[in-house]
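I am opening my notebook to look up a few things in this structure. Come along and check each entry against the picture.

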Amino acid sequence: MSETTPAISPALVNGDVSFWYRESGIPARRPALPGDLDVDVALVGGGYTSLWTAYYLKKAQPDLRIAVLEKEFAGFGASGRNGGWLSAEPPGQMRRYAKAHGPASAVALQREMFSSVDEVIRVAGEEGIDADIQKDGLLHVATNAAQQRRLRERLPSLRAEGWSENDLVELDRDQLAERVRVAGARGAHWSPHCARIQPAKLVRGLADVVERMGVAVYEGTEVTEIRPHQAVTVHGTVRATYVIRALEGFTASLRGHRRVWLPMNSSMIVTEHLPTHVREEIGWRGAELLGDEAHSYCYVQRTADGRIAIGGRGIPYMFGSHVDQRGETRAATQVQLQAVLRQLFPSTEGLAIDHTWSGVLGVPRDWCATVHLDEKTGLGWAGGYVGHGVTTTNLAGRTLRDLVLRQETDLTRLPWVDRTVRGWEPEPLRWLGVRSLYVAYRAADRHENTGLGRTSVIARLADVISGR
Ligand SMILES: Cc1cc2nc3c(=O)[nH]c(=O)nc-3n(C[C@H](O)[C@H](O)[C@H](O)COP(=O)(O)OP(=O)(O)OC[C@H]3O[C@@H](n4cnc5c(N)ncnc54)[C@H](O)[C@@H]3O)c2cc1C
């Protein structure tokens, strides 16, 4: 990687939720819960999981009384901060779903992921949500020999999990260069099942749509405890037949839930508008999403207004499952992300970084997302999407609709429904474990960058320990 001084713009905005709110501004707050309330369904959190669930429930049964209870504003969390990959990447380890429920169940889940991408696009179109959506697919790019070998070796299992030759295409370096020129690329996988979105526009649009449908969206309303048929907030208690926890990366901040899902941090930077010579050099005319095959991988999009946004792990986890609310990124992480950007696209050298921010996503101990509803207590949840929540939240919303309406459907039979997952280790083991694993993954990436033709033994060991 180049040692030149990174061009972090003096006007750089750090945090302030995310760059995605820069165009529209942080939305004005909706009123808080006015006091105690009785509803049919209380949704805790105001991100995609909650809003998709509200949307599909209202569509199916317009007379349902539904309340969304959000601590800040709808879209404050990962739903308003993510990398905008509306992808069909599986929300967990398919081999685990397949082991527990049979290979056909994992294939069924993958097929639902494919169609969920189109379902989000369909609803956005039907409801007039303009979220800069463009479906040009997803590129997984190998930038060294070990990454190339991993791509090749993964292909048979992907085929077995339902990725046909139309769902996943191998590209050699020249075919990749026709779409985008990535320095040192040795080849890629391209899948058509992915669209670029502007995350905040999607979540804001969804919140407006459900509100118009008659869902009560209460903002500035922190839920302090969830009990059977009750969500206790700072402004009063909401009694409900069903209380759905939709907090993903914030779950650990709720009493009694500290070890359920690990709040994993992810950070992003966005460049200034790409000048013509950089655009010509990179040649990225479509809206393909792009990621590398490093263990501490990055995710990249070309924004609708002609910048590059790139994200990665940075500081993956804070002691005690602490969550930084303001979403600031540490200087060292900004520099790291900029170095990855320069490595992939050397012509971005010297470009200013206009904004950096961070957010949290939820990771279960077995790295597999879950949807659950308990009839007796009325408590339900969905999450732990391990960084693939943009599409999966839509599938979760439709699945929760069927569970709440007590309909047994293809969705309620999917292998991620009603799974029991053990919690994370107590501190300091949790912090030590996650921090060391990410040190190991970075060391493995460095090792592989030296020309090693296979996956580093450090990464193999880290995968076994992490269960990833
Ligand atoms: C930087 C980043 C990049 C990502 N990139 C991608 C990507 O490109 N593609 C992809 O598929 N996934 C991505 N993800 C993951 C994806 O964004 C999430 O999985 C998804 O948005 C989760 O949605 P959610 O509604 O479950 O949770 P969230 O959107 O996090 O919503 C939870 C809400 O709960 C609120 N809340 C917190 N505590 C309380 C409380 N006590 N009471 C009431 N409300 C509370 C929060 O304010 C928040 O609005 C990314 C995540 C991050 C952080």
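**Entry 1: a salt bridge.** I looked up Glu375 and found that it forms a salt bridge with Arg406, the closest N and O atoms being 2.9 Å apart. For my search, a salt bridge is a side-chain nitrogen of Lys or Arg within 4 Å of a carboxyl oxygen of Asp or Glu. Glu375 lies in the loop between strand E18 (370-373) and strand E19 (379-383), while Arg406 lies in the loop between H9 and helix H10 (429-449), so the pair ties together parts that are 31 residues apart in sequence. I note that helices (H or I, at least four residues) and strands (E, at least two) are DSSP runs, numbered from the N terminus.

**Entry 2: ground rules.** This is a predicted model, in which local features need pLDDT of at least 70 and side-chain atom pairs count only at pLDDT 80 or more, whereas totals for chains, interfaces and linings use all residues. Residues are numbered from 1 along each chain as its sequence is written, and side-chain values use heavy atoms, with hydrogens and water left out.

**Entry 3: buried or exposed?** I sort residues by relative accessible area: buried is under 20%, exposed is over 50%, and partly exposed is in between (1.4 Å probe, protein chains only). Glu375 is partly exposed because its relative accessible area is 37%. Arg406, at 61%, counts as exposed.

Entry 4: How many salt bridges does a search of the whole structure find? I get 31. One of them joins Arg255 and Glu225, with the closest N and O atoms 3.0 Å apart. This pair links distant parts of the chain, 30 residues apart: Arg255 is in the loop between strand E12 (236-245) and strand E13 (261-271), and Glu225 is in strand E10. Arg255 counts as exposed because its relative accessibility is 58%. I also checked Arg401 and Asp402, whose side chains meet in a salt bridge (2.8 Å, N to O). Both Arg401 and Asp402 are buried. Salt bridges that share partners also join Arg30, Asp208, Glu211 and Glu219 into one network.

Entry 5: Val223 has Thr233 in E11 as its bridge partner. Two residues sit between the strands of this hairpin, and His229 takes a positive phi near 60°.

**Entry 6: a buried Asp.** I found Asp40 in strand E2 (residues 37-44). Asp40 counts as buried because its relative accessible area is 18%. A polar atom of its side chain lies 2.7 Å from the backbone nitrogen of Arg65.

**Entry 7: the ligand.** Which residues are closest to the ligand? They are Thr49, Glu70, Ser79, Glu248 and Val390, among 35 residues that surround the ligand (with a heavy atom within 4 Å of it). The shell residues divide into 14 nonpolar, 16 polar and five charged. An oxygen atom of the ligand lies 3.0 Å from a backbone N or O atom of Tyr48, and an oxygen atom of the ligand lies 3.1 Å from a backbone N or O atom of Gly389. The elements giving two or more residues to the shell are helix H1 (48-60), strand E17 (353-364) and helix H9 (389-404).

Technical notes: Two strands pair if DSSP finds at least two bridges between them. A polar contact is a pair of N or O atoms within 3.5 Å; within protein, one must be able to donate a hydrogen and the other to accept it, and residues adjacent in sequence count only if both atoms are side-chain atoms. Ala, Val, Leu, Ile, Met, Phe, Trp, Tyr, Cys and Pro count as nonpolar, Asp, Glu, Lys and Arg as charged, and the others, Gly among them, as polar.
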